[in-house]
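Please look through the model shown below. The questions that follow take it from the whole chain to single residues.

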Amino acid sequence: ITSTDILRPCMRCWIELSEKALKKNYQVFTQMSQPATLMPVIKSNAYGHGLKEIYSILSSQDPSIIGVNYIEEAEELRTFGYKKRILIVGPVPQEKYPDVEHLGAEFFLGDELSLTAWLALDQKPLAHLKIDTGMSRQGFHLEELEISLHKLKAFSSQVLGIASHFANVEDVVDLSYAKLQIERFQKAQELAKSLGFKLTSHIASSASTLLMEEVHEGLTRVGISLYGLWPSQATRLSYLKNHSELAELSPVLQWKSEVAITKAVQEGDYIGYGCTYRAVNRMTVAVIPVGYYEGYPRIASGRGSYVLINGKRCPIVGRICMNMMTVDISHVSNTSPGDEVTLIGTDGNETIEAEKLGSWAETIHYEVLTCLNERIPRRIIP
């Protein structure tokens, strides 16, 4: 039992994770990725869904490789019993290289300093070469790659892959910049091959796996869409340009709470901090024990945001607080403390998608999900 597990019961909200949906999405991308191997990415607490809980579902699918961001996440996977390949996609401090090797994990080499440190080790962790094809983040530039490859040649058996990352696939329907990145990546692949390296190639993310069959080689690194979410509206539109209907992705996560208090508010009364909302007539409100500490973005206050109670949209009124929010339930009869509240998910004929909450908060659903407090209980449902 961890300290986090002890603290979780104090939360008056919870997250439901659909085992059926996650397994379905995994199979969709396994088939879509062929002939490449699907690498599920469960970094950043499995995109906020819960690393332990998501792994417990994925373990039945027996993935041959899993992607994480931190070495600590790789360590957790090993404690969960995962014995196969782990690729750490985020930067690893040089002093942690021996720990990567001890874990039997793999990581990226993408700059001269990391390469020099790796070459100095007696026991070298397995590595993948990261190529910067236009993201200007991690990776060797093409003009410095040949020198690096010559330094690596004596240790080519310990270099498993060559990889890059798209900068502009999911945000646009024009994929011309992605095509340019593919051309640059192919030059890097050809250079490595000409020097005798036999490397697994991988550049595909969720959006590019959905949109570009030409990147279905080596590995496909699927993150956000593994959890049943489209990377963006632009990705949906791009997909429909070449398909008659959308791929069947099923959202895995629902975020729920309960009504804590109901009370009458008189005409003219103010609600919440800053007196930003004033009742124009008599109304009934419910206090929901969720706020920005739990992960509900404060900026969503007063932007048309709502929750679902008894299948009805209940607008958020006043400012979202640290641990509470207030919603209008005047139109929802017989609401009482303990009634279920849906923050993300479906209730009756109404649905609040993570993407919708992101739009209220002027951000993306990636951020909404990864900001969900780790102390919130995650419950796996069939």
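**Overall picture and local detail**

Of the 382 residues of the protein, 52% count as buried, where buried means under 20% relative accessible area, exposed over 50% and partly exposed in between (1.4 Å probe, protein chains only). This is a predicted model, in which local features need pLDDT of at least 70 and side-chain atom pairs count only at pLDDT 80 or more, while totals for chains, interfaces and linings use all residues. Residues are numbered from 1 along each chain as its sequence is written, and side-chain values use heavy atoms, with hydrogens and water left out.

Q: How many helices and strands does the protein have?
A: Helices (H or I, at least four residues) and strands (E, at least two) are DSSP runs, numbered from the N terminus. The C-alpha atoms fill a box of roughly 80 × 50 × 40 Å, taken along the principal axes. Within the protein there are 13 helices and 20 strands.

Q: What share of the contacts with a separation of 6 or more comes from residues 24 or more positions apart?
A: Contact means heavy atoms within 4.5 Å. Among the contacts in the protein with a separation of 6 or more, residues 24 or more positions apart account for 66%.

Q: Within what arc do the buried residues of α7 fall, seen down its axis?
A: In helix α7, residues 112-119, the buried positions are Ser-114, Leu-115, Ala-117 and Trp-118. They line one face of the helix, because their directions, taken from the helix axis to the C-beta atoms, fall within an arc of 165 degrees.

Q: What covers the buried residues of α7, and which residue's side-chain oxygen reaches the backbone nitrogen of Leu-113 at the start of α7?
A: The cover includes α6 (97-103), β5 (106-109), β6 (126-130), α8 (142-152) and β7 (159-163). At the start of α7, the backbone nitrogen of Leu-113 has within 3.1 Å a side-chain oxygen, which belongs to Asp-111.

Q: Which side chain forms a polar contact with that of Glu-106?
A: Glu-106 has its place in strand β5 and counts as buried at 2% relative accessibility. Not counting residues up to four places away in sequence, Glu-106 touches several residues, including Ile-65, Arg-85, Val-100 and Leu-160. A polar contact is a pair of N or O atoms within 3.5 Å; within protein, one must be able to donate a hydrogen and the other to accept it, and residues adjacent in sequence count only if both atoms are side-chain atoms. At 2.7 Å, the side chain joined to that of Glu-106 by such a contact is that of His-128.

Q: Is Asn-45 buried or exposed?
A: Asn-45 lies in helix α3, residues 43-47, and its phi is near 55 degrees, a positive value in a residue other than glycine. Most residues other than glycine have a negative phi, and most peptide bonds are trans. At 17% relative accessibility, Asn-45 counts as buried.

Q: What is the relative accessible area of Tyr-47?
A: Tyr-47 has its place in helix α3, and its phi is near 55 degrees, a positive value in a residue other than glycine. Tyr-47 is buried, with a relative accessible area of 10%.

Q: What is the omega of the peptide bond from Gln-34 to Pro-35?
A: Pro-35 is placed in the loop between α2 (19-33) and β2 (37-40). The peptide bond from Gln-34 to Pro-35 is cis, with omega near 5 degrees.
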